[in-house]
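Trainee: Before we go through this chain, I would like each label tied to its cut-off.
Mentor: Then ask about the labels one at a time.

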Amino acid sequence: MIIGLVVVLLLCPCLGLAGWAFYQAGEEDDPIALPTASASANPTARPTDRPSAAPTTARPSPSRSTYAVGDCVVNDGTASDAELRKVPCGPNTYEVLARIPATTDGDRCKTRAPESTANYVHDNSLDFLDYVLCLKKR
């Protein structure tokens, strides 16, 4: 009985700390990419939310396999087997509006980035490495 009590007393703080870390990770932008994709239209986007079609001078983040808010990408694959590639922002690119970690639910973009016009779902064999990119066509 003492051993069981010790295990419970050690397990509770560890689970609490893991939950807090998972909650905090929900706001960070450091993904790993192995793609699958889906797209969804957003009928609530306002005309003032649209980005300009002119290229920007902002540079994407340095690594090809990571995507951060503000990066622009193109899909070199298909809708069912996406292969995203970072490019300078311009016409016919997708801008990353949000990254939602630890999920494969693309519908979460409707609440986290309502102006998004598509999403990119990364489904890793390790669930905590899953993420969704909310994208907006430029």
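Trainee: What pattern do the disulfides of the chain follow, with bonded cysteines counted along the chain?
Mentor: The pattern is 1-2, 3-4. The structure holds two disulfides, a disulfide being a pair of cysteine sulfur atoms within 2.5 Å. This is a predicted model, in which local features need pLDDT of at least 70 and side-chain atom pairs count only at pLDDT 80 or more, while totals for chains, interfaces and linings use all residues. Residues are numbered from 1 along each chain as its sequence is written, and side-chain values use heavy atoms, with hydrogens and water left out.

Trainee: What is the mean pLDDT of the chain?
Mentor: The mean is 74, and 64% of the residues reach 70 or more; pLDDT is the predictor's confidence in each residue, from 0 to 100. Over residues 26-64 pLDDT stays under 50, and the model has 85 contacts beyond four places in sequence for them. A contact means heavy atoms within 4.5 Å. Where pLDDT is low, the predicted coordinates should not be read in detail.

Trainee: What makes Cys72 and Cys89 a disulfide?
Mentor: Their sulfur atoms are 1.9 Å apart, and the cut-off is 2.5 Å. The link of Cys72 and Cys89 is right-handed, with 100° about the S-S bond. Cys72 lies in strand β2 (residues 72-75) and Cys89 in the loop between β3 (84-87) and β4 (94-101), so the pair ties together parts that are 17 residues apart in sequence. Helices (H or I, at least four residues) and strands (E, at least two) are DSSP runs, numbered from the N terminus.

Trainee: Why is the disulfide of Cys109 and Cys134 called left-handed?
Mentor: The torsion about its S-S bond is about -90°, so the disulfide of Cys109 and Cys134 is left-handed. The sulfur atoms of Cys109 and Cys134 are 2.0 Å apart. Cys109 lies in helix α2 (residues 109-112) and Cys134 in strand β6 (residues 131-137), so this pair ties together parts that are 25 residues apart in sequence.

Trainee: Why is Cys109 called buried?
Mentor: Buried means under 20% relative accessible area, exposed over 50%, and partly exposed in between (1.4 Å probe, protein chains only). Cys109 has a relative accessible area of 1%, so Cys109 is buried. Cys134 has 0%, so Cys134 is buried as well. Cys72 and Cys89 are also buried.

Trainee: How do you know that Pro114 is partly exposed?
Mentor: Pro114 has a relative accessible area of 36%, so Pro114 is partly exposed. Pro114 lies in the loop between α2 and β5. Pro114 and Cys134 are 20 residues apart in sequence and 8.9 Å apart in space, C-alpha to C-alpha.

Trainee: Which residues make up the largest nonpolar core?
Mentor: There are 10, including Tyr67, Val73, Leu84, Val96, Tyr120 and Leu133. A nonpolar core is a set of buried Ala, Val, Leu, Ile, Met, Phe, Trp, Tyr and Cys residues joined through side-chain atoms within 4.5 Å. The elements that give two or more residues to this core are β5 (118-122) and β6. The largest share, three residues, comes from β6. Apart from this core lies another, of seven residues, among them Cys109, Ala113, Val121 and Val132.

Trainee: What makes β6 mostly covered?
Mentor: Six of the seven residues of β6 are buried.

Trainee: In what sense do β4 and β6 pair, and over how many bridges?
Mentor: β4 and β6 pair in the antiparallel sense over seven bridges; two strands pair if DSSP finds at least two bridges between them. The bridge partner of Tyr94 in β6 is Lys137. β5 and β6 pair in the antiparallel sense over five bridges, and Val121 stands opposite Val132 in β6.

Trainee: How many bridges join β2 to β4?
Mentor: Two bridges join β2 to β4, which run antiparallel, and the definition asks for at least two. Cys72 stands opposite Glu95 in β4. β2 and β3 pair in the antiparallel sense over four bridges, and the bridge partner of Asn75 in β3 is Leu84.

Trainee: How many helices and strands are in the chain?
Mentor: There are two helices and six strands. From the N terminus on, the elements run α-β-β-β-β-α-β-β.
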